[in-house]
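User: I would like a close look at one part of this model. Please focus on the charged side chains that pair up.

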Amino acid sequence: MLSPLAETIFQFMMRDALLGLSIYLTLYTGMFSLANAGFMAIGAYGSVILMRQFDWPLGVVLIVSMILCGLIALPIGLPVLRLRDIYLAIATIGFGEVVRILIINFDKLASSVVGEPVVLTNGGAGISGIPKLAETWHLLLFLALTSFFIVRLHRSRFGVAMSAIRQDERVAATMGINVVYTKVVVFALSAMLAGAAGVFDAYLSRAIRPNDYGFTQAVNILAYAVLGGTTTWVGPIVGGMALRALPEMLRFSQQFRGVLSGAVLLVVIVYLPGGLVNPAGWARLWQRARGKLPPGAEPSQAGAD
Amino acid sequence: MGTEEFLQQVANAISLGAIYSLFALGYALVFSILGVLNLAHSAVFMWGAFFGLISVIEFKLPLLLSLPVAMLGAGLIGVVLDYVAFRPLRNRNAPRISQLISSIGAAALLVSVAQLVFGTQPQRFPFAILPTAPLEGLPFRVTLIQVIVLVVALLLMVLLNILVMRTRLGQAMRAVAFSQRTASLLGIHVGGIFTSTFFLAGALAGVAGVFFGLTYNSILPFMGDQVALKGLTAIVLGGMGSIPGAVLGGFAVSGLERFSVAIGGSDYRDAIVFLILFLMLLVRPQGLIGQKEQTRA
């Protein structure tokens, strides 16, 4: 089988595939939301605190944390999803920052409310000494179930509605699609997936800090989906896994990871707008390289119009 | 809260607001003329601070001379940014979300490169050259740095206003902001206007970076994160793409921030600013003084 190091890398690759899928759902519905890192933080902290308080097994904690993320996403999503592209991006970046600051200050806030010292999130230092409970088969099973769910979703009426909203929201509304309902449900599903990835993150990395879930993480998650491409659900999985595995394979230090993530975003969006998993884009690039296609023809891409 | 402390917070808010305004002006310039949000602006800000620091420490320039150096350096980074991250997408007529993503990529790249070059430890201006002594004869503590920041910032804002409203370049910029197609039909070199816009935005970010570094005397690759969202909040408050709005927004953000410190919520000052951002986007996305944006969603 795999060496312990390779197995750990593989586990993180699957976590990043989950994160890629979580932002894929919103991008596929035409929503440019960067809230995933915030929900990841809620999932990670929620699961650790729940397990410490109630001593539940990992499976129960996972499900409860996901429901928690979904429930938080509903009241956030209802007003915020009225916003579009840049405005939605700014608002969701703001949401992520508020989550991070609240986690840092949660103990102080709770202590002043309860009247006695409370230690739950442990401020900026974060929680360490979390048992490594997540196993490879947990992640494999969860990733497989999620993929199955997304495939079924795409074939359902709801999935068609998602795609219709991305292509043209007004036309979709005219065709009788409940745009608000669809968007909010997708936002909640995306939050639940990000929360699940946060749970796995906590029980894989064994230590969580609020700053691990800041803007940098939000950018990384976006990079997974953009690298893989958002025309199919396979894209974000490939993108997440590739972007996690690449620095490990190249034996990069931690500092080069940011260079890689940034360069990947830049190069892929400029030269390969459909991402890695996008046959039409590759064909187009090949034709352009052979000089058969005039530059300036833009292939249609999911989540970007 | 006593009058003295109130005046103190007002003084701090004004000097900090000048920095936020300079920074937010760059966002607003690019947004009004190109219609895109440049999320790498905070990375340019950070590089500007390092250019200022290097010119003082390595080249022994006086503090005030480090400002034009930082402006030039950061302005050039802004131009490179345009050529690398925006121009290819613009030429392809890519959706503006693609340009947002490429600017995020450029930001990550610029910050990581700074980390490799300068390390992750905060660096400081030498204390000997910093005029940190408080001015005398005032009821509150104001340092010479704060005065310099305010004066230079106001001067730059006036210059920017003259540039945009009274020169041929400014006229061309406004024409391009109004309609790129019409402007190019009138013989305006639109690409050149974009380049100068990015240079101007970068230069403003560069001064803001040096001022921010001087105020807190701590310069590190992640310092852009501290202002990125505040700058965004400022332009959202002032109305995206409005130049006077960006100035107003910058002072409003610093006012809010200092006010929440004064009433005892210093841990939550950022959360409060972002909460305002959130509410503002929902209730009045065109900003306090802006007009509704007429675009196909």
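In which helix of chain A do A:R100 and A:E97 lie, and how many residues apart are they?

Analyst: Keep in mind that this is a predicted model. Both A:R100 and A:E97 sit in helix α4 of chain A, which covers residues 85-114. They are 3 residues apart, about one turn of the helix. Their side chains meet in a salt bridge, with N to O at 2.8 Å.

Now check whether the two ends are buried. The cut-off for buried is under 20% relative accessible area. A:R100 has 19% relative accessibility, so it counts as buried. A:E97 has a relative accessible area of 10%, so A:E97 is buried too.

Why do such pairs form? Side chains of opposite charge can pair when their charged atoms come close.

Next, turn to chain B. There, B:R90 forms a salt bridge with B:D82. Their closest N and O atoms are 3.1 Å apart. Both of these residues, B:R90 and B:D82, are buried.

Another pair in chain B is B:K230 and B:E257, whose side chains form a salt bridge at 3.5 Å, N to O. This pair links distant parts of the chain. B:K230 belongs to helix α9 (residues 223-238), and B:E257 belongs to helix α10 (residues 243-262). They are 27 residues apart. B:K230 and B:E257 are both buried.

Salt bridges can also share partners. In chain A, that joins A:R15, A:D16, A:D201 and A:R244 into one network. Over all chains, the count comes to 10 salt bridges.

How values were computed: Residues numbered from 1 in each chain as written. Chains lettered and ligands numbered in written order. Predicted model: local features only at pLDDT ≥ 70, side-chain atom pairs only at ≥ 80, totals over all residues. Heavy atoms only, no water. Salt bridge = Lys/Arg side-chain N within 4 Å of Asp/Glu carboxyl O. Helix = DSSP H or I, 4+ residues; strand = E, 2+ residues; numbered from the N terminus. Buried < 20%, exposed > 50% of the residue type's maximum accessible area, 1.4 Å probe, protein only.
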